[in-house]
Amino acid sequence: MPNFDFLAQPSLPRPDVTLPDAVRIAGEQFGLHGELKELGSQQDRNFLVDTGRERFVLKLANPVFSVDELHAQNAALAALSGSGVRIPEVVPALDGSDLVTVTVRGQSLHTRVLRYLDGEPLTGVARPTPEQLATLGSLAGRVAAGLAALDHPGLARTTQWDARIAGEVVALLIDHVANPAKRRALREATDAALTRLDPLRPRLRVQAVHGDVTDDNIVLGRPADGTDPAEAPGVIDFGDVASGWLVGELAATVASALHHVPEEPLAVLETIAAFAAEAPLDDADLAALWPLVVLRGAVLVVSGEQQVMIDTDNAYADQNRDHEWLAFDLARRLDADELETFIRWRLAATDSAESSVPAGRVVPLDSTAANLVDLSATSHSLDGGAWLDPSAERRALASEAAASGHALTRFGEHRLTRSTIDRRTASPTLALAVSLAVPDGTAVLAPFAGDLDEVAGSWRLRGPEADLWLDGLERPASAATVAAGDRLGRATVLTVQLSRLRGFRPPAFVTPQFPAAVWREISPDPSILFGLPLAAAEADSAAVLDRRDETFARVQEHYFTQPPLIERGWRHHLVDTQGQTYIDMVNNVTAVGHAHPRLVAAVRDQWALLNTNSRFHYEELARFTERLAGIAPAPLDTVFLVNSGSEAVDLALRLAQTHTARRTILAVTEAYHGWTLGADAVSSSIGDNPRARETRPDWVRLIASPHTFRGRHRGAGSAAAYLADLDADLADLDDAGTGIAGFIAEPVFGNAGGVMLPDGYLRGVYERIRARGGVCIADEVQVGYGRLGRYFWGSEQQGVVPDIITVAKAMGNGHPLGAVLTTRAIADSFAAEGSFFSSAGGSPVSARVGLTVLDIMRDERLQQNAEEVGGHLADRLRELGSRHPLIGAVHGLGLYLGVELVRDRTTLEPATAEAALICERMLAEGSVVQPTGDHKNVLKIKPPLCLTRESADRFADALDLVLATL
């Protein structure tokens, strides 16, 4: 039969062989009797045979494999004898042959026996030591070297593990991956890896390879002094022996090591170095290695999913899926240029200590001033979204050079101009090169002696300690040997980078995934070439967090266990000091988006004129209160201005009590209304205060929250049941002669994650409260101001008009601004308590901010955007819920949504720990989201109202992937 071709026959279920079959074959064909148990295998059947004195492996090959292929495996074992690698010994059958054919239920199966290799596989080691990782690489390298000369007709086979067809294998099997986010990641990573690999293919060496020297297939042996060969590490499972790329052998080994070191992926450099010491790698191998690691990971993932689908009881394939995905995911997230650089640096065996680069000036500058251009996350020259302009760096350089004669960028700066929004992986923002803008025709000099040549459009000066790479150098295209100080050419904009990795240029910009100090060893600070200090100071996020904890009350919590240092916002994005962007899905405070230019200008202009308190007379206050009264539902026509939602709620409660001359306030359980004494009194969320239910003051009466998902009564039609419960509560108060001052609730249950109230609930409550002379308060601090999309006020959704509305957050877009909207009669009744005054409430700046926010919302149609993008996002989230059992429900409306996570959709057991983990992982995916609710199991989604459809999709895609890999 011909040798196997996977692309022609991609489905390989294991042969149908039972344990009794194996017992019979071992005895009849090999004379082996004892205890048998099955060993794991992707596509064959393997059994451990323990005779009591010795152990063997009975191997029944998949019937698609030819006799030649199995003989080639035995030939590979023979080729490695004496190589220093402990390998299994072939045990002949009773008839003396090393391969017999048996029939099992009509199948002809080629069968062999190998002596069992004692030792502990690396698979069981959770965190291998550097020595163990090196052993893995050394064994793979010795096997590769030992098989280099092997030639056999059985090697001419095409298995799914052949790196040369990895792209075809992924394309063939990817539909077996059920999750669309995983498929998307696999396709994108595979395409990128193939693009890097394609030009290298003709240069990659082909030889006999083991194909699977992995953590599964090496045995570490026992600690020994090295004199007993039986104690040496060994290699098993030669079932994938074939012709293939030498570097593909190493890629398989590295991919198997990755999942052991998720927190320190560069540990695999020890594996690579140990391999190269046994089987040296050439330039093409080094360029191809990381793309092949990614491809190997992708093939493992799609093959594992296929195998489980066609061979449902294959526990071995099933159990491997998690760590195979982890290995692929790690590999694809690491920048291939960076990994190639690290690999070359490790193999170059360069002294890691930074050495000085003896150098003169590369450009003679007249000034002693650096004239540095600030391209960091806090640069005001990049305000207003200017950092997203592809020409931002060039314009900033040109502007500074025009003003000062020359301009330089900084070394080691995380450039905001290199940041990307809606990112899927880390953005390469850390500058290892600097750029200089000088008058046209400025001379460029050789800072040290060396050989100058042109490489791929750049010029390289090879010096005694380092290479100097130059972009923008204008000179005739001719190589030369130059002396220090020689004129190299001229330039107007010159980019300069030093490299101690000789003959190879590191990336000019790298991600912050690895410490900057590591990069400075490879690509040193070029300040010496200019005689000016160019190095940027690196922000230390952990140190700033320590300073915060030293002086800021720790009860004022922060998001995330290791929070990024956020110093900029733009629209619905946040940016940290390393230039990494995050989609902001929690900032309902900044309704119109971060750093809106109109709002920035309005605040600046008003502050330049006047900012004082509202007892002074100025028109801005009248304009703002007129506008608020105009958007309030009739008959609400009077405005109080304060500084926050908590103050607004506190004031609303006092208005209700003063107006009715009563004290008792009804509030629903699980709600949160603020931190002031009054607002906290009506807050009963145990997520914010575990003792909330037992510590309410006597003037607060709690009624059951109308929680349609996990409340006492459930579903959109549960209003009647909740109102019946309320009737019983009110009857008790009536019987006790307790008068009601008011009722307070959010029109959408915000603290619970945007849970909609049952239809008709507020109408029924308001009727009952007003019938008893009470006042109805709608806390719209979180849900109001257009966030629901279809409705400007949350109470509109319930078809009611409150007596008092409290609002804040969105009003000021981050500026402290809150309001109470009510009737003139209720407002005037407060005069019995004396006058009311808030120092900053209604200040000229606050009033200007409030007006500008409303103008922006109107002019940019942000309420309509909340409806359109929010509806699209809700649809995406509900579709995720159809595939991920962890999602119990999607709550909310517009851009106030909540994804409730449960461990069981029947019991509704909250998935609290999972929610916390998801939020941490979403941060790594470039999205900020946080849990809410009494059980902290609801992902609260309340982004700025300018959220785009593209960012909503990126968020949903990221959540899909995180849920699929949780």
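Student: What is the handedness of the crossing where H5 passes H8?
Tutor: Keep in mind that this is a predicted model. Helix H5 covers residues 180–197 and helix H8 covers residues 283–310. Where H5 passes H8, the crossing is left-handed.

Student: At what angle do the axes of H5 and H8 cross?
Tutor: Follow the two axes to where they come within 9 Å. The angle at which they cross there is roughly 145°.

Student: How many residues of the contact of H5 with H8 are nonpolar?
Tutor: Start with the names: H5 brings Leu186, Ala189, Thr190, Ala193, Leu194, Arg196 and Leu197. From H8 come Ala288, Pro291, Leu292, Val294, Leu295, Ala298, Val301 and Val302. Leu, Ala, Pro and Val count as nonpolar, while Arg counts as charged. Set aside one polar and one charged residue, and the nonpolar count is 13.

Student: On to rings. Which kind of aromatic pair do Phe342 and Phe514 form?
Tutor: There are 14 aromatic pairs in the structure, and Phe342 with Phe514 is one of them, at 5.1 Å centre to centre. Their planes are 80° apart, and planes over 60 degrees apart get a name of their own. That makes this pair edge-to-face.

Student: How many residues apart in sequence are the parts that this pair ties together?
Tutor: Phe342 sits in helix H10 (residues 336–348). Phe514 is in the loop between strand E19 (509–510) and helix H12 (516–522), so the pair ties together parts whose separation in sequence is 172 residues.

Student: Is Phe342 buried or exposed? And what about Phe514, buried or exposed?
Tutor: The cut-off for buried is under 20% relative accessible area. Phe342 has 3% and Phe514 has 8%. So Phe342 is buried, and Phe514 is also buried.

Student: Which residue has its charged end over the ring of Phe65?
Tutor: Phe65 belongs to a cluster that ring pairs build with Phe4 and Phe6. A charged end sits over the Phe65 ring, 5.0 Å from its centre, and the residue it belongs to is Arg157.

Student: And over which ring does the charged end of Arg475 sit?
Tutor: Look 5.2 Å from the charged end of Arg475 to find the centre of that ring. The ring belongs to Trp459.

Student: Phe560 has a positive phi; is it buried or exposed?
Tutor: Phe560 isn't a glycine, yet its phi is about 70°. Look for Phe560 in the loop between helix H13 (541–551) and strand E20 (566–570). Its relative accessible area is 10%, so Phe560 is buried.

Student: Ala661 has a positive phi too; is Ala661 buried or exposed?
Tutor: Ala661 has a phi of about 55° without being a glycine. Its place is the loop between helix H16 (645–660) and strand E24 (664–668). With a relative accessible area of 70%, Ala661 is exposed.

Student: Zooming out, what percentage of the residues in the protein is buried?
Tutor: The protein has 25 helices and 36 strands. Its C-alpha atoms fill a box of roughly 110 × 85 × 45 Å. Of its 966 residues, the buried ones make up 57%.

Terms used:
Residues numbered from 1 in each chain as written. Predicted model: local features only at pLDDT ≥ 70, side-chain atom pairs only at ≥ 80, totals over all residues. Heavy atoms only, no water. Phe/Tyr/Trp six-rings, centres within 6.5 Å; stacked < 30°, edge-to-face > 60°. Helix = DSSP H or I, 4+ residues; strand = E, 2+ residues; numbered from the N terminus. Buried < 20%, exposed > 50% of the residue type's maximum accessible area, 1.4 Å probe, protein only. Lys NZ or Arg CZ within 6 Å of the ring centre and 35° of its normal. Axes fitted to C-alpha atoms, helices over the stretch in contact; angles between N-to-C directions. Left-handed = near helix turned anticlockwise from the far one by under 90°. Contact = heavy atoms within 4.5 Å.
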